[in-house]
Each structure stands twice: as structure tokens, then as C-alpha cells.
Amino acid sequence: MGAKDGLTAYRGKRHFDRTREPPGAPAGAGDTSSFVVQIHDASTLHFDFRLEVDGVLKSWSVPKGPSADPHDKRLAMPTEDHPLEYREFEGVIPEGEYGAGTVIVWDQGSYRPLPRKKKGRALSFRQALEDGHVSFWLDGSKLHGGYALTRFRTGEGPGKRESWLLVKEHDDRAGRRGTPDARRARSVRSGRTLKRVAAEEGTGRGGG
């Protein structure tokens, strides 16, 4: 889970002379930890959920997006680590490039890890991630309160992928609000929809 290895995988999938995605570099730990949720209209429309950990963005593809309803268990598939600069990326990834399609920043903010112990010993957030379960409190523009990520499939064995669940905790920020329509949702940074970004910045798959 090292920052160097993660960003090596990220860079290896992209041609930075063709895409405006940032090449990035591992960064030191800041005073606060950030998160971002991007909507990505690639080969499939999905949400990307990213948490800042050890100077990179640990990332999961969440097909249905995060929900404020604790009854919703959202599948989350790990992807490669992204650089911290990716928090601000919004635009069109050109056809023929990895992840081609339109991206908007749906939500962003800070988070704080919630304590976890194992066999009486406090785990760091990174250790808890490696162990397969983390809880954290989000302070975003749209997402608030406690959430948990839990690994339920390790990905070991031929043809298997590591899989997690993203679930809202039962707290005073929980509700019955599911995820909004991704095609109608607006960027928290620019107020634009996928369709508008695609129209303004190039030919993408954004629509509706």
C-alpha cells in the first residue's frame, strides 16, 4: 500500500501528454485528511470515492455512489492510488486513454478516522485499511457523518477481484436520502453537470 508503488500504477496507465490528469507526486501528511467523490462517465457511469492516506488518495469505484441511508450497502471496488492533486480534477479524459470520459467533482471535504482496536491494540488508519475495515467521519459539502468501508472479498484466486462495501453509520446525519441521479448531479466545484463539462471541454460520454 506504499505511496510510491500506488502512483507508479497510476502513472503507468496514463499518457500525460494526452490527458489533463495530474501526474502528481506522493505528499507528506497534512494537518487534516481530505476526501473527494467524483462522478466518472467512462465505459460505465460510476462514482469514485477517494480518501487521503499517507500522501495519496486511496480510491474505490462505487457503481451506485455513496448513500446517506444506512440500509444501503454500496459495492466499492478498489482502484489504483491517485495523487492528491486529483482532488481538483474535473474535465474530459480523451477517447483512447485509460478511463476515457467525463469527470466532475461531486463532493469534497475533510474526514477524520474513527478509532479501531484489534486484540486490545489501537490500529492506525493504514493498519485498519490493511486489516479490511475502517470507520471515518466525513465533513463534506454533501456527505456528513460516519461511514465504514469493509472488505468482504480478498481478491485471491484466479479471476477474483478484491471487493469492499461502503455503508453509512447510524448517527444523527443518517437519513433516507439515496444517491442523486448522476447525470443530473452538479459539481461542488463548478456547479456543472457531466453534460455541460463534456460540451465545454471536449467530446465525452456525458449526457442527459
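I number residues from 1 along each chain as its sequence is written, and my side-chain values use heavy atoms, with hydrogens and water left out. Since the model is predicted, I require pLDDT of at least 70 for local features and 80 or more for side-chain atom pairs, while totals for chains, interfaces and linings use all residues.

**Entry 1, record.** I looked up the UniProt annotation, an unreviewed entry, which lists residues 38–151 as "domain: DNA ligase D 3'-phosphoesterase". UniProt positions are in the numbering used here, feature names are shortened, and annotations may be inferred rather than shown by experiment. In the model this span is 6% helix and 59% strand, and its end C-alpha atoms lie 21 Å apart. Helices (H or I, at least four residues) and strands (E, at least two) are DSSP runs, numbered from the N terminus.

Arginine 74 lies in β4 (residues 73–83). I count arginine 74 as buried because its relative accessibility is 12%; buried means under 20% relative accessible area, exposed over 50%, partly exposed in between (1.4 Å probe, protein chains only). Beyond neighbours within four places in sequence, its contacts (heavy atoms within 4.5 Å) include Val62, Trp164, Leu166 and Thr179. With threonine 179 there is a side-chain polar contact at 3.5 Å. A polar contact is a pair of N or O atoms within 3.5 Å; within protein, one must be able to donate a hydrogen and the other to accept it, and residues adjacent in sequence count only if both atoms are side-chain atoms.

Glutamate 52 is in strand β2 (residues 45–53) and is buried at 7% relative accessible area. I find its side chain in polar contact with the side chains of serine 34 at 2.8 Å and arginine 87 at 3.4 Å. Glutamate 97 sits in the loop between β5 (91–93) and β6 and is buried at 9%. Leaving out neighbours within four places in sequence, glutamate 97 contacts Arg14, His15 and Arg18. The side chains of glutamate 97 and arginine 18 make a polar contact of 3.3 Å.

I counted ten aromatic pairs. Rings of Phe, Tyr and Trp (its six-membered ring) pair if their centres lie within 6.5 Å; planes under 30 degrees apart count as stacked, over 60 as edge-to-face and the rest as tilted. Tyrosine 111 and phenylalanine 125 form a tilted pair, 5.5 Å centre to centre with 45 degrees between the planes. Tyrosine 111 is in strand β6 (residues 101–113) and phenylalanine 125 in helix α2 (residues 125–131), 14 residues apart.

Most residues other than glycine have a negative phi. Aspartate 54 is not a glycine, yet I read a positive phi of about 55 degrees. Aspartate 54 lies in the loop between β2 and β3 and is partly exposed at 42% relative accessible area.
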